[in-house]
Amino acid sequence: MELRADRLDGLGKYFGRLTAEGRIPGYSAMVSQHGEVKYESSGGMANIAEGIPMTADSIFRTWSLSKPMTSVAFMKLVEDGLVGLNDPLADYLPAFRDQRVYRTGLPAAPVTEGLLEPIRMWHLLTHTAGLGYGAHQSHAVDTLYVGQGYTVEPPAGTSLAEAVDAWASFPLRFQPGTGWNYGVSTDVLGRVIEVVSGKRLDVFMRESFFEPLGLKDSGFRVDPRNKDRYAEIYSPTADGGIEHNPQASAYPTEEPVFLSGGGGIYTTVADYMKFLGMLAAGGRIAGGSDFYLSPLTVESIRGNHLPGNITLGGFGNWAVPAVNELMPGAGFGLGFMTVESPRETHLLTRQGEYFWLSMSSANFFVDPASGVAALVSPQLFPSRTLPVTNRLRQFVYQACR
């Protein structure tokens, strides 16, 4: 199947129109096939106040697009035999050895029970460990997180190791493997990477992920020399316009105390597409013959690992409004949501497609059948403010002939 680049003009026109109408500040989009970039367009501003245009080299915070990167980097350790997918988490992080599970009761006095099954590595990768995010506020356990200052991010000055120990002190929302809930699992996975590798997460990711894939502008901070390339984040206003969101736009110029594998990576569209191109090419690094991961590992990553091959539409316990339209027909692989029943989504998509998205509306998908990968970064918070995820698919899939 060939990706017809000449049929992708609608992608740029759509996001260009949103920019012209003042509904997004700007955007950058890129589409590749088998790791080769076939289409690229950018428009609008990365920083409206300073008149800095948005380009494929604009640096943006990935937010939850960090999760696939951290998950794939972890799989390199699995390939190296340093950790196994069925290994209990407590073997590496003892704080989880006496983990409790919420059953009932108010947050001030929860009734809990012991683990029936230990949290394992595959639970972290699939968000079936029972961990949560305080910001969801959809469960009594979330209230416990918030009460200790753990909302989207931990209290200021908290290290990754300290945050993980705190999360281990809260009960799980459910027994591992019996439900799905989007939470801090990938941050915990980042701490496992540190313990297994003996390196800080930022060092490991630089040496074992960013550099091998040629990601020259990716890391856990923005170099002060590159501040003029940083893409600010904007939010919708009541009158249909947008305004700068200073809280969401904040970024560190020095290595942060809390190294978040779940949401703390900064990158560019050009860098991130090299990562997606590697996946679309079955693990082969773009521009060469070397493989970052085995093709069989990539095949496992994108497969549905939920118990009984069930989809999220039937699994329950989840609360991620950002991707509700895809969830009914989706399963979950090792760090990615994967489409199992396209018709249940009522979108243009294909069985086997895998994808993810971020709080700032940046989102991607990879279609292994055609080798196509697509990414767009509109820098609009929160996600689902506009129909970005479905439009990206509509424009790209109609160009495949």
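Predicted model: local features only at pLDDT ≥ 70, side-chain atom pairs only at ≥ 80, totals over all residues.
Residues are numbered from 1 along each chain as its sequence is written, and side-chain values use heavy atoms, leaving out hydrogens and water.

**Helix pair.** I found that the axes of α1 (residues 9–20) and α12 (residues 388–397) come within 8 Å and cross at roughly 155°. Axes are lines fitted to C-alpha atoms over the stretch in contact, with angles from 0 to 180 degrees between N-to-C directions. Helices are DSSP runs (H or I, at least four residues), and strands are E runs of at least two, numbered from the N terminus. The two helices are therefore roughly antiparallel (over 145 degrees).

**Phe-336.** I then looked up Phe-336, which sits in the loop between β10 (330–332) and β11 (337–339). Phe-336 has 0% relative accessibility, so it counts as buried (under 20% relative accessible area, 1.4 Å probe, protein chains only). Its C-alpha atom is 9.7 Å from that of Glu-353, 17 residues apart along the chain. Leaving aside neighbours within four places in sequence, I saw Phe-336 in contact with residues including Pro-68, Val-72 and Phe-275 (contact: heavy atoms within 4.5 Å).

Methods. Parallel < 35°, antiparallel > 145°, perpendicular 65-115°, else oblique. Buried < 20%, exposed > 50% of the residue type's maximum accessible area, 1.4 Å probe, protein only.
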